[in-house]
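Here are a few friendly notes to read alongside the model. Have it open and follow the points in order.

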Amino acid sequence: MLKRTLAVLTASILLLTMTACTDTGKTEEIVSSDVTTELTVATEDVTEILLTEEAVTELTAPTELPTHAKAEISEVAYNPTECYVIYEAEDGTMDGYCAVMSSHDGYSGTGYVTGLSLPDSSLTVVLDIPSAQHYNVTVCLSSDEPVEGVLYVDGLARGTFTTSGSGEFESIKFENIYLSPDTSSVTISDLSGEVDLDFFLLENAEDLSELDYSVSGVLSNSGATDATAALYTYLCEMYGESVLTAQQCSQGSNAEIYAVAAVTGKYPLIRLGELSGYSSGYDTGDIELAIEYYEDGGIIGYSWYWAMNGSCYLEESGFTLSNAVTTHDVAHMSIEKVSELLGTGGVSEECYAIIEGIDLIAEQLTRLSDLDIPVLFRPLPEAGNGEFWWGEDLESYLWLYELIYERLTDYYMLDNIIWIWNAQDVSWYVGDEYCDIISLDVYDFSLGAWDNQSHVTALIRMMDLSSDKPIAISECNVLPSPANLKKDNAYWLFASVFSGSYAITGDNELCTDYMSEQEWILFYNCAETVTK
């Protein structure tokens, strides 16, 4: 049974840059895929995305749901004040083997602190916080080889980083951290090697209350059905006001949403399914579940982790997407015409397989279209992650995405689709004309206390990619806390925990490996979110 290893999206892979401080006083931008301000890089085995012929366990919705009081999140104190203060590491509190040195060029102040990577060694610097607001905290450090570490502020892990290993002092910025007077303590820990720490810089961040969530509400497909346009209008009106609850479900199952409901007393507004089985010739029975959920007042959506030769992965599938690319307008051809081209050598076997797979998906989406049911659709997830076969190269990816869009929209006239482009590398963006929603997959794995972050920095960077598309969290293992959503003004369109072991146990109980039961309950029972 096929297992999928998730490539974990980090804000740094999208847009984050790292600034190196040299002894000449000049700055050099180094684009780094290893520096993160909010998220943890990791891989994790998760549930299968293809069904075998084994019977799917029948599940029944809970007949009696628990009731929970609606949680009101208190207002957040906010008093924007200009701030720019450097705190030298040598002025901090050192324990263990930490020592002040001055032999390495390029430092500021009277020296820098070394020995942090040794056991029982630590450095804590106390920051004076002038007012309640968001701050950026920059750490300046150096190492002779790449070193991973974690920034902690007031005991909470605020993000991971990896140094370049250049031997020069370099600055790594952690953005949009909310702090209140009078002081906060900051340190770095969990280091994988030796670093020299020069200073911390505290400066005020931009005023997050000014984030602009206004979007036009115009779909990329001008021929969209009235029901689809109405749903998109609703989504765009809610964007910036509340976060819609969503849950990814295993194929042919509602186990995840039933587990959520059994504990929280609420059903997610959006049920997200998976189409991979259908495109591999399996009747997963998932469309029937989606129709039922829609008729019961929910919104439905689908991801498409497309397996070729039994795998999504580039190496495992053996599928070479670039071989499929053709100048023939196969998006608007019948499968019979494509078959004729294959017979004459006009297109490749790979091209024919692509059209065949799209047509299998079109068959299922047509069932929804015939019932005038709008559907959120996220094909080819995690664009640019380099692991899936559709991420072989940018040119081939864009050809494939546009082919899917045009074949479903123009050839099959599926006007019930709201298109979601799922980011890993923003340079792979398909453009506003080919999508309606932009989404990220964000995973936080335990490094201590993470405080259920809002990931507002990643949200802002995606807003920079397109000012006219709502931004959503399409996959996560930790839902952002409602208090942080409000505090950071981080109103993602929706947020969804991924399926399988991220949401449920082997006994179909709600998973509490990444969030406590209380955190699940709070997210589904607060004024900042919307349920079914």
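1. Helix H3 (residues 255-264) and helix H12 (residues 517-524) have axes that come within 9 Å and cross at roughly 90°. The two are therefore roughly perpendicular to each other (65 to 115 degrees counts as such). Axes are lines fitted to C-alpha atoms, for helices over the stretch in contact, with angles from 0 to 180 degrees between N-to-C directions. Helices (H or I, at least four residues) and strands (E, at least two) are DSSP runs, numbered from the N terminus.

2. A word on the source: this is a predicted model, where local features need pLDDT of at least 70, side-chain atom pairs count only at pLDDT 80 or more, and totals for chains, interfaces and linings use all residues. Residues are numbered from 1 along each chain as its sequence is written, and side-chain values use heavy atoms, leaving out hydrogens and water.

3. The structure holds 10 salt bridges (a side-chain nitrogen of Lys or Arg within 4 Å of a carboxyl oxygen of Asp or Glu). Glu-203 pairs this way with Lys-173, with the closest N and O atoms 3.6 Å apart. Glu-203 lies in strand E15 and Lys-173 in strand E13, so the pair ties together parts 30 residues apart in sequence.

4. Arg-461 and Glu-175 also meet in a salt bridge, at 2.3 Å from N to O. This pair links helix H10 (residues 456-465) with strand E13, 286 residues apart. Arg-461 counts as buried at 13% relative accessibility, and Glu-175 counts as buried at 18% (buried means under 20% relative accessible area, exposed over 50%, partly exposed in between; 1.4 Å probe, protein chains only).

Terms used. Angles under 35 degrees count as roughly parallel, over 145 as roughly antiparallel, 65 to 115 as roughly perpendicular and the rest as oblique.
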